[in-house]
Amino acid sequence: FDSVTPDNLRDRAWQTIRACDALDWLILTKRPENFGTMLPPDWRTGWARVHLGVSVEDQQRADERIPLLLQTPAAVRFVSYEPALAPIDARRWMTPTVNTDGTTTPALSWLIAGGESGPNARACDVAWIRDIVRQCQAAGMPVFVKQLGTNVTDSGACDPTWAGPDGKRRDRKGADPSEWPRDLRIRQYPGTLNW
């Protein structure tokens, strides 16, 4: 959904997705404002095995991108809260909303959360991941904790079942669930995915 991508490449990608209908496709963007002009002409109510998502790293990006995602037809609408750089409150998007005109805005279907990895990774607070997991659980929405990231902090009560943010982790990206607090070892998928 980047405007610098040539249309012919985008068209070829849609053709491939259409031809490979036995796969579940997760399409993630930071540019949901382009959904209206860059989805294929036969998208209509969405394609059954294509799941649209937006990346959000903080509340400002969530407030900008999630409403645009929810206005777009899709089999599954998901958020990738990665890299988590600040806390977010996504509760208002986790249940359908009846609008004043009688129409209904659908809810999110899934949330993926994780910290940033790499040598210059910005900090991810375990408390932010824990909070979004609790929001998803309260709404009955699947949540997938992908990784804690390279630069982990914990402003909340440290769970005694893990080494803590300064503990010696074998996985530099913080992607090994056995090295996390037990309450964050969650990897759920929406019901339509075959994984």
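**Note on the predicted 195-residue chain**

1. Overall size. A compact globule of 195 residues would have a radius of gyration near 16 Å; the chain has 18 Å, which agrees. The radius is taken over C-alpha atoms, and the globule rule is 2.2 Å times the number of residues to the power 0.38. Along its principal axes, the C-alpha trace spans about 50 × 40 × 30 Å.

2. Basis. This is a predicted model: local features need pLDDT of at least 70, side-chain atom pairs count only at pLDDT 80 or more, and totals for chains, interfaces and linings use all residues. Residues are numbered from 1 along each chain as its sequence is written, and side-chain values use heavy atoms, with hydrogens and water left out.

3. Surface and contacts. The accessible surface of the chain is about 10,200 Å², and carbon and sulfur atoms hold 51% of that. Areas come from the Shrake-Rupley method with a 1.4 Å probe; for residues, only the protein chains shown count as cover. Of the 195 residues, 46% are buried. Buried means under 20% relative accessible area, exposed over 50%, and partly exposed in between (1.4 Å probe, protein chains only). Among contacts (heavy atoms within 4.5 Å) with a separation of 6 or more, 74% join residues 24 or more positions apart.

4. Secondary structure. The chain has four helices and nine strands. Their order from the N terminus is α-β-α-β-α-β-β-β-β-β-α-β-β. Helices (H or I, at least four residues) and strands (E, at least two) are DSSP runs, numbered from the N terminus.

5. Strand β3. Six of the six residues of β3 (residues 76–81) are buried, so the strand is largely enclosed by the rest of the structure. V76, F78 and S80 point one way; R77, V79 and Y81 point the other way.

6. Neighbours of β3. Strand β2 (residues 50–55) pairs with β3 in the parallel sense, over five bridges. Pairing requires at least two DSSP bridges between two strands. L52 has R77 as its bridge partner in β3. Strand β6 (residues 110–114) also pairs with β3 in the parallel sense, over four bridges. There, Y81 stands opposite A113.

7. Crossover. β2, helix α3 (residues 59–70) and β3 form a right-handed β-α-β unit. Right-handed means that, with the strands pointing away from the viewer, the path from the first strand over the helix to the second runs clockwise.

8. Cysteines. The disulfide count is zero, with a disulfide defined as a pair of cysteine sulfur atoms within 2.5 Å. C136 is in no disulfide; its nearest cysteine sulfur, that of C124, is 14 Å away. C136 is buried, at 0% relative accessibility. C20 is partly exposed, with a relative accessible area of 30%.
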